[in-house]
Amino acid sequence: MTIDEAPARRSAITGLARRLRTALGPDAVIDDHQRLRTYECDGLAHYKVTPALVVLPADATGVVTTVRACAEAGVPFVARGSGTGLSGGALPHADGVLIVTSRLRRIVEIDPANQRAVVEPGVINLDITRAAGADGYYYAPDPSSQQICSIGGNLAENSGGAHCLKYGFTTNHVTGAEFVAPDGEVVRLGGKAPDATGYDLLGAIVGSEGTLGVVTEVTVRLVRLPEAVRTLLAGFPGTDAAGAATSAVIGAGVVPAAMEMMDALAIEAAEAAVRCGYPAGAGAVLIVELDGPAAEVDAQFAEVERHCRAHGAFEIRIAADDAERASFWRGRKSAFAAVGRISPDYIVQDGVIPRTVLAEVLHRIAELSRDTGIRVANVFHAGDGNLHPLVLFDDSVPGEAERAEEVSGAILDLCVEHGGSITGEHGVGSDKAKFMPRMFTEADLDTMQLLRCAFDPDGLANPGKVFPTPRLCGEVPGRHKGAHPLQDAGIAEVF
């Protein structure tokens with residue numbers, strides 16, 4: 001934004017605040033600077049931007065009113081749910097409006113006959129399972145933050161969780177959505193039916209990180225509670241042995257509901273935080289959970305136990321009841337926050353590799369750590385190769401944050417180099433936009449931009465996210481010289 005444009009931007013925001021207070025009520029609009037700072041970041045606190053205005057609509061009509069007002073004023077907007085995202089996807093725009101959907105938290109319907117639930121975007125992930133449990137159903141995607149993360153954010157980032165190995169990601173469980181397009185039009189895609197005809201526009205919305213509009217209602221698939229659940233905790237000398245056991249189990253045709261691994265540093269953090277009591281001296285622990293018909297679970301469980309012992313597990317514990325099962329999971333579920341006990345600052349990374357190169361990539365990460373002096377704790381979905389390295393640093397030490405960023409980026413390079421991806425479930429957001437060209441060609445990125453422009457020709461919905469180089473809708477694809485108009489306007493950054 002240039003000096004000449006600043007007064008016009010401030011005037012637009014002042015006018016929006018006045019208009020939205022009249023339409024939505026005074027408690028729905030925040031423009032006090034100190035209160036605005038509450039919303040300056042999501043779960044990735046490394047990036048912070050104070051929004052110009054925060055709006056908290058109470059219902060879908062309020063969202064429509066807000067988006068239409070932004071469109072008419074030409075003001076960018078960003079949608080935010082619970083703010084637990086880890087890629088900076090809900091990072092505000094300094095000259096824009098942050099639309100917070102946390103007040104839209106009605107469970108509209110639990111429909112066990114059709115195995116569906118209809119919810120508003122502010123509904124907490126775990127609350128769907130709590131509501132559906134009495135009818136013998138649950139909602140399968142289970143991010144580590146499932147007690148506080150909201151369904152709208154899960155849809156935006158296509159969140160997964162420990163049980164995505166067997167049950168898939170959010171996209172596999174969303175059958176319908178109502179959303180407000182960037183011009184304020186209300187669009188409904190899909191519904192309770194298993195599949196909709198025509199182009200998969202619903203698939204485009206899931207994982208679009210708020211760049212195509214704001215979701216106001218979601219229809220999700222419910223899964224029948226399994227007859228049996230059995231959970232095993234195995235201690236290994238190191239990640240090589242635990243990784244070999246993982247490959248052996250999957251290679252034998254067993255697909256666990258979840259298969260999670262933590263290395264020694266992650267175990268140390270979890271013990272400090274929640275006293276999870278994992279096997280003493282373990283260089284790695286593996287948590288394996290099977291569910292389904294009792295006879296099938298029993299047979300597969302014996303197979304899992306056999307492969308763990310064959311590949312060096314020195315201690316195996318089998319959960320005797322739900323309380324012990326919860327104790328196994330306590331350390332894993334707390335892992336991200338737990339590293340705060342052993343490091344003042346950390347970066348949560350998210351990449352994917354083929355399961356067969358797990359040992360090699362972990363060795364390379366260890367080399368990066370030794371060469372730079374930056375510690376890395378590894379927590380990951382071992383069954384499908386979704387890594388979550390936790391890069392530890394102290395921001396008060398000059399240069400350490402920069403070295404941590406370099407290590408974090410080098411880990412993503414390793415993922416791509418080994419045939420993987422720069423994100424598995426956390427999304428691209430602000431954090432990984434600059435890494436997109438390492439995975440995709442210019443033609444790939446231009447094609448994605450064409451889709452975005454079809455929904456948002458004015459570039460108002462969550463601008464500056466996902467794509468490394470902004471492109472105006474209608475602009476000819478390819479390389480261009482000189483400053484980009486969106487860069488001049490302060491809407492996007494060119495990497």
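1. On reading the model. Residue numbers start from 1 along each chain as its sequence is written. Because this is a predicted model, local features need pLDDT of at least 70 and side-chain atom pairs count only at pLDDT 80 or more, whereas totals for chains, interfaces and linings use all residues; side-chain values use heavy atoms, with hydrogens and water left out.

2. Two packed helices. Helix H8 (residues 239-251) packs with helix H10 (residues 294-310) at an angle of about 145°, and their axes are 9 Å apart. Helices (H or I, at least four residues) and strands (E, at least two) are DSSP runs numbered from the N terminus, and the axes are lines fitted to C-alpha atoms, for helices over the stretch in contact, with angles that run from 0 to 180 degrees between N-to-C directions. The crossing of H8 and H10 is right-handed; a crossing is called left-handed if the near helix is turned anticlockwise from the far one by less than a right angle, and right-handed if clockwise. On the H8 side the contact (heavy atoms within 4.5 Å) is made by Ala-245, Ala-248 and Val-249, and on the H10 side by Val-304, His-307 and Cys-308. Sorted by class, this contact of H8 with H10 has five nonpolar residues, one polar and no charged ones; here Ala, Val, Leu, Ile, Met, Phe, Trp, Tyr, Cys and Pro count as nonpolar, Asp, Glu, Lys and Arg as charged, and the others, Gly among them, as polar.

3. The phenylalanine pair. Phe-179 and Phe-455 form a tilted aromatic pair, with 6.2 Å from centre to centre and 45° between the planes. Phe-179 lies in strand E8 (residues 174-180) and Phe-455 in helix H16 (residues 442-455), so the pair ties together parts that are 276 residues apart in sequence. Phe-179 is buried, and Phe-455 is buried as well.

4. A charge over a ring. The charged end of Arg-230 sits over the ring of Phe-301, 4.2 Å from its centre. The rule asks that NZ of Lys or CZ of Arg be within 6 Å of the ring centre and within 35 degrees of the ring normal.

5. Helix H9 and its cover. Which residues of helix H9 (residues 264-274) are buried? They are Leu-265, Ala-266, Ile-267, Ala-269 and Ala-270. What covers them includes strand E13 (258-263), strand E14 (284-292), helix H11 (322-333), helix H12 (335-338), strand E18 (376-381) and strand E19 (386-393). Ala-338 has its place in helix H12 and, at 1% relative accessibility, counts as buried. Leaving aside neighbours within four places in sequence, Ala-338 is in contact with Ala-269, Ala-270 and Ala-273. After H9 comes Arg-275, whose phi is positive, near 50°.

6. Leu-362, in helix H13 (residues 358-372), counts as buried at 7% relative accessibility. Not counting residues up to four places away in sequence, Leu-362 touches Thr-239, Asn-378 and Phe-380.

7. Asn-158 is a residue other than glycine with a positive phi, near 55°, and lies in the loop between helix H5 (151-157) and H6. Val-466, also not a glycine, has a positive phi near 75°; Val-466 lies in the loop between H16 and helix H17 (485-488) and, at 11% relative accessibility, counts as buried.

Conventions:
Rings of Phe, Tyr and Trp (its six-membered ring) pair if their centres lie within 6.5 Å; planes under 30 degrees apart count as stacked, over 60 as edge-to-face and the rest as tilted. Buried means under 20% relative accessible area, exposed over 50%, partly exposed in between (1.4 Å probe, protein chains only).
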